[in-house]
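Take a look at the structure below. We will walk through a helix, a loop residue and a sheet.

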Amino acid sequence: MAILAKIRQRTLVLILIIGLALFAFVISDVFTNSDNGAKQPNEIGMVNGESIPYRSFSNNVENVLNQARGSQSTIQVVNNVWDQQLRTELISQQLDELGITIEKDEIWNLMITNPNFTNNPQFQDEAGVFVEGKLREYINNLEATKNDKNDPTKAAQYQSWLATEEFFISQAKQNLYYNLVKSGSIATVKEGELAYRLENDKVTFKYVQIPYNTVKDDEVKIKKSDIKNYIDNHKSMFEEDASRDIQYVYFEEKASKLDEDQAKQDVADLMSGFEAAENAEGYANENTDVNENSTFLYKNQLPKDVAENLYATEVGKVFGPYKVGEAYKISRVLETKQMPDSIKSRHILIRYQGASGASPDTKKTKEQAKKQADSILAIVKRSKSKFADIAKEMSDDGSKDKGGELGWYSSATGLTPTYKEFVFGNKVGDMDVVESPFGFHVIEIQDQKNSQKTIKLATVTKLVESSAKTLSDLFTTSSKFEADAGKSDNAFIDVAKENSYEVKPVNKMKILDSRILGLGDQRQIVRWTFEEKTKVGDIKRFPVGSGFVVVQLTQKHAEGLASVEDASARVIQLLKDEKKAEIIKSNNTATTLADLAAANNVQVQTATSLSMSAPVIPGGGEEKKVVGAAFALTEGKTSKLIAGKRGVYMIEVTKKTPAPEKDSYLTEMNALRTQRASTATSSVFNALKSASEIEDNRSIFY
């Protein structure tokens, strides 16, 4: 009732905001359609000339969203469905080129071995065994009744089945194709031997490392041309999708001081009526914004700031108003009671079919379970000594091995409400049958301690919410900033600074991104930044869940190689290390480890039994080039200076230990083959994508 009243109070503002939003939508649509006369495509994408229709794609997205039940955002589901359909289409095209088809028997075999069918009681006999004929009968019935005009759900069920069937066809194609790919992933015995030696040939060497940080950064100058050359020589590392940069100001909906005072006054006005009400709980439920259970509360369960006051309030009296979080409350003390804060109990649990935690084998009905629990209660009431034995034999939970003993529980621990109400609200020795979501409990209260006063409250809560005026003011303020921020090139920052608004930048948003740092899921903003008509510098205000956000597009990044500015953070240190290596080499002419160490005030160190598969130097990290050079030298030889990842090295090989010869390298060969097959199946999708012509229209529809 109180919620409905709030909605009525804010109707005018809501109508205004909705009307303006609709007007903006219509106007936007008019201008969009008149832009170039282009029509929205009918397909979500094209793969090598083959269409992926939008309608079927959209149906799949809706099905997955319904299954996800809010655990995934729309764009996450869209991307997952796209990848799945794209994979299916690419593999289907490959199989068609090879002239390979999927037989119905293969699809059927996939279905009848799938747990979703085999574990479904609908397709099992009385013994719980999957019956293939029941699944066939179900499918035939769906097809026979798909046009039943008296039951529209039949058509939807049939369409759902067709989607399921399509999924299994897709899986069958993928399995077949991946098996073909795996069969082409071969390895030779010689490659197996090489893999064995890379892992088991060992080298020990002494070395001197001159770290790059011995050369100061200001001694090394990196020019833009250096970065550009590095990008050009490593293009695959710097390929980027199109992206956008924005900055925004968030105008959060917050209740004003007047709103807070009003909530406090509203609840205060109810105090006399609350105290006089014959049915205090009914009065509270009628007038509160948030319903609260009237249960007995310990002092430590009351709001800390007012616990003493509530605890001292007489039965029938009202205390308040008091603030808890973003709400004002008044509470009437209904009853007080002495209750323990800890109890010890034991129980015998009788589950029934459908109860929480019941196994699939449970056939007992709820009525049968209740009757059995009542019979057990009668027995243990006559002879408590039989409780433990009956629990061990008949209880349906893990405590049965302990004779039903649950030990001590405090009032704050997670007992089910009905169980908790019984054991804390009754005396030591009391026994009864109590129902919970898990079944029927035969309970005995064994002990209680720390008896203390508890109070039962009825509470009226008034949320501190933004009023119609506060919402209107927020709308006006954000609109004014939107207008003022577009008056000059730097106005967005300047106006924000004048008004102490926080400007937040967000960089490199991709076309299918949905989340924006600080705002959450805001797909509408991302789409706007990628619209052709949106120019750098454009500003737009968007309604968000709890306010408004004013956004400015600050930069467009085209698809292709990263710019020098964007790549510099990743490249500069690498280029500095290269130039530092040159400086270190030019400053050192020593040809022995001892002379090089003395000249650079460092120690000669030893790396023992390193292999090419684990080229990690103690204290120096992974150094493939250095360890590779060690394997290339003969024992006793000293290398020239080598530029590694963390410094410049000189090494002297002291011992090389070849791995023992083996009669066969089949084990290594097979391991290599398995590894390659796994790599091939995980990378084939990307390989097919890169070799295909793909038109992706997801960003138009979502």
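A residue counts as buried when its relative accessible area is under 20%, and as exposed when that area is over 50%. Keep those two cut-offs in mind. The model shown here is predicted.

Start with helix 7, residues 132-144. How far apart are its end C-alpha atoms? They are 19 Å apart. At 1.5 Å a residue, the 13 residues should span 18 Å, so the two values agree.

Now look at how this helix sits in the protein. Leu135, Ile139 and Leu142 of helix 7 are buried. They cover an arc of only 60 degrees around the axis, which means that they lie on the same side of helix 7. An α-helix has 3.6 residues a turn, so residues three or four places apart point the same way. Turn to the other side of helix 7, and you find Glu137 and Ala144 exposed. What do the buried residues of helix 7 pack against? Their partners are helix 5 (104-111), helix 6 (115-118) and helix 8 (153-183).

Next comes a single residue. Asn588 is located in the loop between helix 21 (564-587) and helix 22 (593-600). Is Asn588 buried or exposed? Its relative accessibility is 11%, so Asn588 counts as buried. Leaving aside residues up to four places away in sequence, Asn588 touches Ile210, Leu596, Ala599, Asn600 and Leu641. Take Ala599 from that list. Asn588 and Ala599 are eleven residues apart in sequence, and their C-alpha atoms are 8.0 Å apart in space. The side chain of Asn588 also has a polar atom 2.7 Å from the backbone oxygen of Ile584.

Last, find the sheet. Strands of a sheet pair through backbone hydrogen bonds, either parallel or antiparallel. This open sheet has four strands in the order 14-5-18-17, and the pairing is antiparallel. Strand 14 (504-510) and strand 17 (539-544) are the edge strands, each pairing on one side only. Ignoring direction, neighbouring strands of this sheet are turned by 35 degrees against each other on average.

Zoom in on one pair. How many bridges join strand 5 (residues 243-252) to strand 18 (residues 547-557)? There are ten, and the two strands run antiparallel. One place to look is Tyr250, whose bridge partner in strand 18 is Val549. A helix packs on this sheet too: helix 19 (residues 491-498) touches strand 5, strand 17 and strand 18. The direction of helix 19 makes about 25 degrees with that of strand 5.

Key: Residues are numbered from 1 along each chain as its sequence is written. This is a predicted model: local features need pLDDT of at least 70, side-chain atom pairs count only at pLDDT 80 or more; totals for chains, interfaces and linings use all residues. Side-chain values use heavy atoms; hydrogens and water are left out. The expected span of a helix is 1.5 Å times one less than its number of residues. Buried means under 20% relative accessible area, exposed over 50%, partly exposed in between (1.4 Å probe, protein chains only). The arc is that of the directions from the helix axis to the C-beta atoms. Contact means heavy atoms within 4.5 Å. A polar contact is a pair of N or O atoms within 3.5 Å; within protein, one must be able to donate a hydrogen and the other to accept it, and residues adjacent in sequence count only if both atoms are side-chain atoms. Two strands pair if DSSP finds at least two bridges between them. Axes are lines fitted to C-alpha atoms, for helices over the stretch in contact, and angles run from 0 to 180 degrees between N-to-C directions.
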